[in-house]
Amino acid sequence: MAQGISHLIGQGTQRLIQPVANVIRGYQSDQRRNKAVGEASSLEYNGKYGEAAEVYVQLAAEEGKSNELIYALYSRDAFELWIKAKNIDKAMAQARDVLRVLSDTGWLKKSDDTVNDLSQMVGELYVAGYTAEADTFSKEINQELVAQGLAPMSVSDKAAGSAATSKAGKLPAICPDCGGPLPDSGGEDEVKCPYCGSVIRAG
């Protein structure tokens, strides 16, 4: 009987300790993540874009087991840094990884923001001068959207990034002429693209 009571006490203690252990593990994980992001920021500040990208690749790998959106976010960060590092092959690999994760997990259907973000990635490729890769990635996105029963991005090949627009009547987030990200208009009805000089007006 004493053994039975001891066993029950042990089970009760374990139930009390487990939540505390989970909180501690979560805190330690947050600390490691914050340290890694700080390291990546420092590397980027010092122009070591490839090394900074690798940090985000590692962070994505760690998050892939538990949170697909965080995984896609870190892969997105790595994509931007590979572009800055002028490593288009690795940038494209990250872009395709983001598309794969958002597709496999159903987020393409769950949120328009995911499609907008993908189209912004296309725009970033255009701005960086990788026109062929931007065209290719735009087509890959559209193929995946159609495969999932969604409407493809209704944009020209040159301005694939312009699909990332705000609500009707507002200015787009991406220049429809060159695919470059547009600055905040400050409430005005028009904005000038800093990349190609086009003046875009609210529809």
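A salt bridge is counted here when a side-chain nitrogen of Lys or Arg lies within 4 Å of a carboxyl oxygen of Asp or Glu. By this rule, a search of the whole structure, which is a predicted model, finds 9 salt bridges. Local features need a pLDDT of at least 70 and side-chain atom pairs count only at pLDDT 80 or more, while totals for chains, interfaces and linings use all residues. Residues are numbered from 1 along each chain as its sequence is written, and side-chain values use heavy atoms, leaving out hydrogens and water.

**Asp117 and Arg76**
- Asp117 and Arg76 form a salt bridge in which the closest N and O atoms are 3.0 Å apart.
- Asp117 belongs to helix α6 (residues 112-127) and Arg76 to helix α3, so the pair ties together parts that are 41 residues apart in sequence; helices are DSSP runs of H or I with at least four residues, numbered from the N terminus.
- Arg76 is buried at 6% relative accessibility, whereas Asp117 is partly exposed at 27%; buried means under 20% relative accessible area, exposed over 50%, and partly exposed in between, with a 1.4 Å probe and protein chains only.
- Salt bridges that share partners join Arg76, Asp117, Glu80 and Glu124 into one network.

**Lys84 and Glu44**
- The side chains of Lys84 and Glu44 meet in a salt bridge, with 2.6 Å from N to O.
- This pair links distant parts of the chain, since Lys84 is in helix α3 (residues 68-84) and Glu44 is in helix α1 (residues 2-45), 40 residues apart.
- Lys84 is partly exposed with a relative accessible area of 43%, and Glu44 is also partly exposed, at 28%.

Notes: Helices (H or I, at least four residues) and strands (E, at least two) are DSSP runs, numbered from the N terminus.
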